[in-house]
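Subject: Structure for you to look through

Hello,

Please find the structure below. My notes on what turned up follow it.

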There are 2 protein chains.
Amino acid sequence: MDKKIATIQDVARAAGVSIATVSRTLSKPSVVSKATQTSVLQAVADTGYRINTTASNLRRQRTGSIIALVPNLANPFFSQILAGLSSVLTQVGFGLLIADTQSGTDPDERLAHYLASGMADGLILFDGTLSRKVLDQPRRLPVIMACEWMPGSLPSITADNRAGAELAVNHLVEYGHHDIGYIAGPVGNVLNIARQDAFVESLTKHSLSVQPDWIYEGDFSMDAGAAAARRWMAMTNRPTALFCASDEMAVGFIGEVQNLGAKVPDDVSVVGFDNIEVGQHITPALTTIRQPRKRIGERAAHLLLDMISASSTSGPSEVVDIEFISRASVARPAT
Amino acid sequence: MDKKIATIQDVARAAGVSIATVSRTLSKPSVVSKATQTSVLQAVADTGYRINTTASNLRRQRTGSIIALVPNLANPFFSQILAGLSSVLTQVGFGLLIADTQSGTDPDERLAHYLASGMADGLILFDGTLSRKVLDQPRRLPVIMACEWMPGSLPSITADNRAGAELAVNHLVEYGHHDIGYIAGPVGNVLNIARQDAFVESLTKHSLSVQPDWIYEGDFSMDAGAAAARRWMAMTNRPTALFCASDEMAVGFIGEVQNLGAKVPDDVSVVGFDNIEVGQHITPALTTIRQPRKRIGERAAHLLLDMISASSTSGPSEVVDIEFISRASVARPAT
DNA sequence: GCATTCTTTGTAAACGTTTACAAGAATTTT
DNA sequence: AAAATTCTTGTAAACGTTTACAAAGAATGC
C-alpha cells in the first residue's frame, strides 16, 4: 500500500506557508515572492504532490474536458480528426471524452444526456442529423459541429465540399469523359447534398447532362460502393466515369468491379472523396479529394476552446480548403 | 441567459426535505420512503436538476472516467476497440478519455502524466513499449494492457496471436505451399514476436525450413507492405506465399505487387492478420485472421471496471479467440 | 405497556481546491 | 517622517455533493 496521496495541505505544512500560497504558487506565480516560490516548489517535489483535478474543477466551476460525439466510433474516418482534437486539447490541459451516438438505443436521448450531464465544458458534434435537437433546448454548453453542419445553426468547421466535387468533375472532363455518374451518400446527409449539388452544377457548367439512373444511391460505406458496382455492371448504357461521395465507396466499387471482371480505369474511371490512407495502396491508386482531417480536428478544438473561455454559445464558422489528388484511377474513356 | 442551474439545495427546498434525503433518493432509493421519493422526484423534474458530476466525484473520491492511451489515434485499427470500450463504459456511467502517446514529445512523460494526473480511475494501455514505465513507479491506479502485453507484468486482454499464425501456416501448407515468407512487424513488438515465433514453429512442424531472407522487415503499415513487395519482386528465388503480420501490410503488399505487374494469388498467395474492413473489398479479397476487436474493447472495459471497484492493481489476464477467414488471396502455387 | 428493533429523516462534516477580502510589511511619494 | 501605495501572505468562505451519526417515529416482541 502506498501512503496517502499528498494534498495541498501537506505541501503547505512542509513549506511552512498557507494553502492559499501554495495554490497561488502553482496557478499564479506572479503574485508570490521568489523566495516562497522556491520553498513551495521544493515542498511540492518532496511530497510528490499532484493537484486534484476534480477539486480544482469543482471550485472553478468547470470540468476541464470536452466531449466529442461521433456517429460511429468504429468508422476510421474520424480517427485522424480525433487525433487533431486530442493534440490541441492536451496542450491546454483539457481532456477529450469520446462517445458514440449510434451505439446505444436512442441517439437523441444520448445527445440530450451529454448536453445536460455537466461532464464537459463543450461539445463537438459530428452527426448532422442530431443538430436540430441541440437547437431545441436552451443549451448551457458551447456546441459546435465538425465535418457536417446545419445551415444557419451551430458554428462549424467544415471542408469545402462543393469545391471538391467541382475539382473532381473538372478532372474527369479534362480527361474527355462526358458520361459521368455519381455514387451518393445517405439521402439527406448535408455532405452528400453539397457534393451532389456541386456535381450536378459542374456538369451543367460543362454543358453535360445528368442521367438520373447514373446516380447510384449509397451510404458512404464500402459495401454501398460494391453494391453500386453490381448495378453499374448490369447496365447496358453505362457512365464511363464515376464520382464517389466517399473514398470508402470508391474502394468498394473498384474492388467489386474488378471481381466481376471489369478494369479500372480502362473500363471505368473513378474519383473518390476524403483521401483515406488505403486509397493509395489499392490498384489502381485512387484519385481523390483530400480533406485535411487532422486540421479539421485542430481548428474545431480551437474554436470550441475560444467559445468556452468566452462562455459564449456562438462563434464563427470556418471552411477549410480541400486538395485534389491525382492518381491512377482515372484515364481517358475507351473509344 | 438561462437562469442558474439547479443544485441539490433547490430540489431539497422544492420538495421540503433535506439535501441528504434528495441525495439518497437519487443514489440509494431503497432507504427512503415511497412517499418522499415521489415528492423528491417531482421536485427534480420541476427544477430540471441534474447532478453535478464533479462535486459527486470529489466527494466519492473518484473521477468517473477511464483513460485509454493509444500509440496513434490516427490508426484505424483502434477505432473499433475504442467503440467496444465506449459502449461498456457509458452503460455504467463512466466516461472514456482518449489520449495519444506519440503525438506529443515524450511518450514516457505523457504516460507518467496520465498515471499521476488523477484525471481517471483507471488506464488502458495499448502501447507495449511503455509498460515498463508503469511498473517502475508505484501506481495508485489500476492499469491494464490491451492487444499488446508485457510478460508477467500487467493484466491484459489479448488475442491468441500464436494460434492465428499457426492457422495461417496450416492453410498455406494445405494449399501446397512449401516456400513461405513472412512480412514482419516492428522489431521487438510483442505481437510481432508472437506471430513470427509461431510462424517459424509451425513451419518446422510441417518439416519446412525457414529461409532467412524470406523474412521481410516491416512495421505493420501499408507502406511497409509495399516496400516488401518491391523487395519480393526483385528476388530471383522467391517464396510462393507470404504471411503478413498485419492486414495493412498485406494490403500494401498486394497493391504494390499488382502495380509492378505480378498477380495475386496466381504468382503469390497472401495471408494477413487482423481482418480490417478493407480486406474484403480489395481484389483479390484478403484471406486473414480475424481479431475480435470490439470484443477486446469490451472485455478490457469489464476487466478494468472490476479492478477499479475492487481497488486492486492486479487482475486476471484474458486471451480472446481468433478466427480464420478464408478469402481469395490464397491459391495453389504455380507449378 | 415497556423494551427492543427497524425505518426514515436531518445535521453536519467532510472531499481538495480557488479566491475575495483583509492585514501586515515593504516600498515609494510628498 | 508621515502618508500613500504596492507586495506578499493568511483567513475563511465557497464549489455541490455524499455519508457517518444521531434522533425521532413506527413497528414488533414479550
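A residue is near a strand if its C-beta atom, placed from the backbone, lies within 6 Å of it. Please keep in mind that this is a predicted model.

**DNA strand C**

By that rule, 26 residues lie around DNA strand C. A:Ile8, A:Ala20, A:Ser23, A:Asn52 and A:Ala55 come nearest. Both chains take part: α2 and α4 of chain A, and α2 and α4 of chain B, each supply at least two residues of this surface. The largest share, six residues, comes from α2(A). By class, the surface near DNA strand C has 13 nonpolar, nine polar and four charged residues.

**DNA strand D**

Which helix gives the most to the surface near DNA strand D? That is α2(B), with six residues. The surface near DNA strand D splits into 14 nonpolar, nine polar and four charged residues.

**How the two chains are related**

Chain A can be laid on chain B with an RMSD of 0.1 Å. It takes a turn of 180° and a shift of 0.0 Å along the axis. That is the relation of a two-fold axis.

The contact between the chains takes 48 residues from chain A and 48 residues from chain B. On the chain A side, α4, α5 (79-91), β2 (95-100), α6 (107-117), α10 (222-234) and α11 (247-259) each supply at least two residues. α5(A) gives the most, with seven residues. The side of chain A that touches chain B divides into 20 nonpolar, 23 polar and five charged residues.

Do the copies meet through the same surface or through different ones? 100% of the interface residues of chain A are also interface residues in chain B, so the copies meet through the same surface.

In chain A, the axes of α2(A) and α3(A) come within 10 Å and cross at roughly 95°. These two helices are therefore roughly perpendicular to each other. From α2(A), the contact uses A:Thr21, A:Val22 and A:Thr25. From α3(A), it uses A:Thr36, A:Gln37, A:Val40 and A:Leu41. Three of the contact residues are nonpolar, four are polar and none is charged.

Now chain B. α2(B) and α3(B) (residues 34-47) pack at an angle of about 95°, with their axes 10 Å apart. α2(B) and α3(B) are therefore roughly perpendicular to each other. B:Thr21, B:Val22 and B:Thr25 in α2(B) meet B:Thr36, B:Gln37, B:Val40 and B:Leu41 in α3(B). This contact has three nonpolar, four polar and no charged residues.

**Packing of α8 and α9 in chain A**

The axes of α8(A) (residues 161-174) and α9(A) (residues 190-205) come within 8 Å. They cross at roughly 40°. That makes α8(A) oblique to α9(A). The crossing is right-handed. On the α8(A) side, the contact residues are A:Asn161, A:Arg162, A:Gly164, A:Ala165, A:Glu166, A:Val169 and A:Asn170. They meet A:Leu191, A:Ala194, A:Arg195, A:Ala198, A:Phe199, A:Ser202 and A:Leu203 in α9(A). By class, the contact of α8(A) with α9(A) has seven nonpolar, four polar and three charged residues.

**Backbone details**

- B:Val264 and B:Pro265 are joined by a cis peptide bond, with omega about 5°. B:Pro265 sits in the loop between α11 (247-259) and β9 (269-271) of chain B.
- B:Thr283 and B:Pro284 are also joined by a cis peptide bond, with omega about -5°. B:Pro284 is in the loop between β9 and β10 (288-290) of chain B.
- A:Asn275 has a positive phi of about 60°, although it is not a glycine. A:Asn275 lies in the loop between β9 (269-271) and β10 (288-290) of chain A.

Best wishes

Methods: Residues numbered from 1 in each chain as written. Chains lettered and ligands numbered in written order. Predicted model: local features only at pLDDT ≥ 70, side-chain atom pairs only at ≥ 80, totals over all residues. Least-squares fit on C-alpha atoms with pLDDT ≥ 70 in both. Contact = placed C-beta atoms within 7 Å. Axes fitted to C-alpha atoms, helices over the stretch in contact; angles between N-to-C directions. Helix = DSSP H or I, 4+ residues; strand = E, 2+ residues; numbered from the N terminus. Parallel < 35°, antiparallel > 145°, perpendicular 65-115°, else oblique. Left-handed = near helix turned anticlockwise from the far one by under 90°. Nonpolar A, V, L, I, M, F, W, Y, C, P; charged D, E, K, R; others polar.
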